[in-house]
Amino acid sequence: MNGVEKLKEKLNNGERIYSTMLCEWGSTRLPGVLKAAGVDFIIADLEHGIFNPENLREIGQASRYADIPLVARVQDCEYHCISKCIDMGADGVLIPRTETFEQVETAIKSLRMYPYGKKGVGGACMRPGETIEEFNRNRLLFIQMESPQGIDLLDEMLTRYGEHIAGVIVGPNDLESSMGYPSFDCPKPDDTYDNYIRKVISVSKAHGKSSGIFMGSDDALKKWHNEGMNIHWVNVELGMIASEARRVRALINELD
């Protein structure tokens, strides 16, 4: 069983999953390091980070070599954004700002080959010896909920397209922005924001889907894990380096 198949099994069983994101650093050493640290899959950020479909190839090859799944957060939900990332070796995509049925349909058609979609064959999209049926089964589609509009349609999205969706992930900052809050992680006047995230959890569970959220702190990780999320998308690569540097600085300061 390869890394993608193991991840799929965890997703289907609602097991604890650990992920982090690469935004600023494309070293091909990172997939192996993160795999050894217990990370279940890596997200490469093409939406806000340094990656593009062309330079994704090296990190895609390194991820395949280390047998850790690589999921590309694409710039937008369009065929060329999705298909090219798979051609460069990504094992799946994360679709930002998902809030329409049309987006999900486009993502499926761009990610899957016939009979489910119209994905063309090229690049490193196929693993050695992989059949078309295995390809269609083993490329992962995650949808990112970042607005009340998307969350309100999530139940119907999963009803229509659930067989193609591997998991549902909340983008907390964009959700805050779309709800009109003045700054990120600011105090909220009521439970409306948290209740939208809880709705993602409950709807996902009702459809047998794993759910998660970006967790930029230990407190956020514990909070949303306790609320029922099992995809722990924790920090980004530079944030992890900074966290470890602060830990060592504090340790040095405590020395006699």
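The chain has 11 helices and eight strands as its secondary structure. The model is predicted.

On overall dimensions, a box of roughly 60 × 40 × 30 Å, taken along the principal axes, is filled by the C-alpha atoms of the chain. The radius of gyration of the chain is 18 Å, and because a compact globule with 256 residues would have a value near 18 Å, the two agree.

Of the contacts in the chain with a separation of 6 or more, 62% are between residues 24 or more positions apart. Of the 256 residues in the chain, 52% are buried.

Next comes the surface. The chain has an accessible surface of about 12,200 Å², and carbon and sulfur atoms account for 50% of that surface. As for charge, the chain carries 29 positive and 38 negative side chains. The centres of these two sets lie 4 Å apart.

One residue can be followed in detail. Arg127 sits in the loop between α5 (101-111) and α6 (132-138). The relative accessible area of Arg127 is 16%, and since buried means under 20%, Arg127 counts as buried. Which residues does Arg127 contact, leaving aside its neighbours within four places in sequence? They are Asn2, Val4, Arg64, Asp91 and Arg139. With one of these, Asp91, the contact is polar: the side chain of Arg127 and the side chain of Asp91 make a polar contact at 2.8 Å.

Note on methods:
Residues numbered from 1 in each chain as written. Predicted model: local features only at pLDDT ≥ 70, side-chain atom pairs only at ≥ 80, totals over all residues. Heavy atoms only, no water. Helix = DSSP H or I, 4+ residues; strand = E, 2+ residues; numbered from the N terminus. Buried < 20%, exposed > 50% of the residue type's maximum accessible area, 1.4 Å probe, protein only. Polar contact = N/O pair within 3.5 Å; in protein donor to acceptor, adjacent residues only side chain to side chain. Contact = heavy atoms within 4.5 Å. Rg over C-alpha atoms; globule rule 2.2 N^0.38 Å. Areas by Shrake-Rupley, 256 points an atom, 1.4 Å probe, with all protein chains shown as cover. Lys, Arg positive; Asp, Glu negative; His and termini not counted. Charge placed at Lys NZ, Arg CZ, Asp CG, Glu CD.
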